[in-house]
Amino acid sequence: MRTLNGFVALFAGVVLFGQMPVPASAEAAAGSPDATRTLDGAQLPPPPLPFGGKIERDALHSTPWWSPRVVPPKDAPNVLLIITDDAGFAVPSTFGGVIPTETMDALAQEGLSYTNIHSTALCSPTRAALITGRNHHSAGFGVISEQSTGYPGYNSIISEDKATIGRILLDNGYNTAWFGKDHNTPAFQASQSGPFSQWPTGLGFEYFYGFVGGDANQWQPNLFRNTTQIYPFDGQEGEWNLITGMADDAIDWITRMHQIDPSKPFLVKYAPGATHAPHHPTKEWVEKIEAMHLFDDGYEALRATIFENQKKMGLVPEDATLTPWPNEVLKPWDELSDTEKKLFIRQVNVFAAYAAYSDHEIGRVIQAVDDIGELDNTLVIYINGDNGTSAEGGPLGTPNEVAFFNGLNEIPADVQMKWYDVWGTEETYNHMSAGWSWAFDTPFDWFKQNASRLGGIRQNMVISWPNVITDKGGRREQFMHVIDVVPTILEVSGIPAPEEVDGVKQAPIEGTSFAYTFPKENAEEPSHHHTQYFEMMGQWALYNDGWLLSTKVNRAPWQAFGPANPDPLNNQVLQLYDLNTNMNQTDDIAAEHPEKVAEMKELFIKEAEKYQVFPLDASVAARIVAPRPNITAGRTEFVYTRPMVGLPQGDSPLLLNTSYTITADIEVPEGGAEGMILTSGGRFGGYGFYLLEGKPVFLWNMVDLKRIKWEGTEALAPGKHTLEFDFTYDGLGAGTLAFNDFDGVGRGGTGTLKVDGKEVQSQKMDKTLPMILQWDESFDIGSDTLTGVNDADYKPPFALTAKLDKLTINVDRPQLSDADKAKLEAAMQKASD
């Protein structure tokens, strides 16, 4: 028997004979296990290199060779890309606001602040542009995915010829991760059946921890790790909050990656839900903000205070003025009732606490980078907002944003006071009065969604990179757009944009690097980004070297449910501004320069043709219920034979604006049964079919303002039963929306509950929800995840204790007759004329 020492000696001999020697220098020899290479960028992933060793008949006489590991260029920085949500120019204290954002302030003091970077006016379009370096229509995100339509600029699909910064850096040797909001996965590809190519992990971000969709309950979010839903908040209701949870997870990931391989840089996209509704800060942060009494004098006084701060900071000229307060859409503060004032101050205190809380947690992540010794070589890009401040709470604010998306945008203040003490907790899906939103966009006006006003598109940001940026506290005012971020990251990391990815020729990057602004001597360098179009839901603008042509605002963001402008290109009032002399759109000079207006409109058309902007569509709410290629498309029957949870709204049977029948075949055990059979939505809007104390119940939650219940009179006896809920819808259905007509949606109908074929209760609903259930809650069978549709009846998960044999849903959508279509067509033509 060969001794252990003999094996060791033989093994050593093989290695020494066959392995190429590693030189003493720091650079490894080609073919050695620690050999590395950087890429020329032509093709990702790079083609395999030819084998560089020697192969004989036996290993003893052969030479092994390892393909060199891909690494970024020397000194390529870590990148921490931070973007907040629904935050206008004046939200942070860094740019004249009153809300304390100490992290952003500190970064600005150590690095550079930027006052002239622009968004698209809406969240997921901005985010698509941010990660691809292409305009939002080029990236398929002319609108949010929940409004997507079947046109290249609006289908919410980032096509394969537009690789993201995550994918480019990943293939060039970076660790990549995404934390927080993912609003770039199509709503019709968000289920566990995939495909996952449009999830963060499929877009080049190897690790994802966050929520999928536009908003999330921060106390109980629809949270994913990679593509698996997780529930770290179970048992911690009212204590666990995603703003802290995602910071904890990011800190853990960054630290682990550094421990595993300190030489490997990271790209982290960090996108908190703040300050998108619902505004969910912790109690401690609310108390801190309330103690400061920042908002007691009202929103007009806040606007004036911010404007004076901005003048003192040199952010606006001393002789600048503000546009008049919009009395026609927002009631002046001194005309509000005492109840309204009290409510509105509570609303804004919670919003401000949310912003300050989020900024604090971002600071913890940056501190973690410093703790591992990597901050000096980390490019931190902190963008305040993906659009202007949101006004989707309407003039009065709302305890439930789901109500806004169903057309209820002015719930009286005295009704809202029911939620005053719990505003911002897990019991609300809250938003604030739009008066505060107007003030938080100072020195500009209007809001998120308004792509033709700077209040909707002008953001700000701070950048820190201690190893490179030495002009501490400097300010940069060059015109920029979020599409400029990707080419900037590529330039400073030394990584070229790939010509081909996965065999697909890549479309050109459409942004312009702003790395030229980093040196102090280039502080006054003219902008390298000369022309930029803007368009959102029919409102549009064009920037060209200081000139801005823009359409006059023709609807407030909460006015989303009326007929849309049929010709958004031409049926508009056009305004012209010289931003070199009038930085905040107070002086319209279109009448004095008609030739400039015509010239810039033609340039807008050329840009729109180039970047997939056509066809223009001014509809808003109507697109929410537009048909999409989800897994329910074309189906009228859905059968389920076992419990299942987590099917998102965009991929589950839609029971709005239609007749339907739900049939549940169950077996009740001895001793009776209870629990959820089927639910979709949650506390803020949805339905549930369940057993309560053994009795069958069907319930509609009408956006937490009213609940309509059908209930059996007796507990079900042990044995097999067939439960049925049948609903007959009275309206023409969503087909009327194609004719710019909302009369077909949200109509009433009659619901009937049956047990074993026998009717037990029938009642009429005067109205139904026209647009959505609660977006961040899922379609669940056999139990209820996250929040329940009726807290008075049960607490989730409320698992079904009966045996579910089969659940069947039959949907009978209304079909427009020829006569209906002719009538609607005539009405649409008359309105257009």
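## Talking through sheets, strands and helices

Mentor: Let's start with an open sheet of six antiparallel strands, in the order β22-β31-β24-β25-β26-β27. This is a predicted model, where local features need pLDDT of at least 70, side-chain atom pairs need 80 or more, and totals for chains, interfaces and linings use all residues. Residues count from 1 along each chain as its sequence is written, and side-chain values use heavy atoms, without hydrogens or water.

Trainee: What makes β22 and β27 the edge strands?

Mentor: Two strands pair if DSSP finds at least two bridges between them. β22 (644–647) and β27 (706–711) each pair on one side only, so they are edges. From one strand to the next, the twist averages 10°.

Trainee: How do you know that β24 and β25 pair?

Mentor: Strands β24 (residues 675–682) and β25 (residues 685–692) share seven bridges, against the required two, so they count as paired, in the antiparallel sense. Within that pair, S680 stands opposite Y687 of β25.

Trainee: Why is β4 called mostly covered?

Mentor: Buried means under 20% relative accessible area (exposed is over 50%, partly exposed in between; 1.4 Å probe, protein chains only). In β4 (residues 78–83), six of six residues fall under that cut-off, so the strand is mostly covered. N78, L80 and I82 are buried on one side, and V79, L81 and I83 on the other.

Trainee: What makes the α6 and α8 crossing right-handed?

Mentor: A crossing is right-handed if the near helix is turned clockwise from the far one by less than a right angle, left-handed if anticlockwise. The α6 and α8 crossing is classed as right-handed. Helices α6 (residues 283–290) and α8 (residues 338–371) pack at about 115°, with axes 8 Å apart. Contact means heavy atoms within 4.5 Å, and among the residues making it are W285 and I289 of α6 and A353 and Y357 of α8.

Trainee: How do you know that the radius of gyration agrees with a compact globule?

Mentor: The radius is taken over C-alpha atoms, and the globule rule is 2.2 Å times the number of residues to the power 0.38. For 833 residues a compact globule would be near 28 Å, and the protein has 29 Å, so the value agrees. Buried residues make up 62% of the 833.

Technical notes. Axes fitted to C-alpha atoms, helices over the stretch in contact; angles between N-to-C directions. Helix = DSSP H or I, 4+ residues; strand = E, 2+ residues; numbered from the N terminus.
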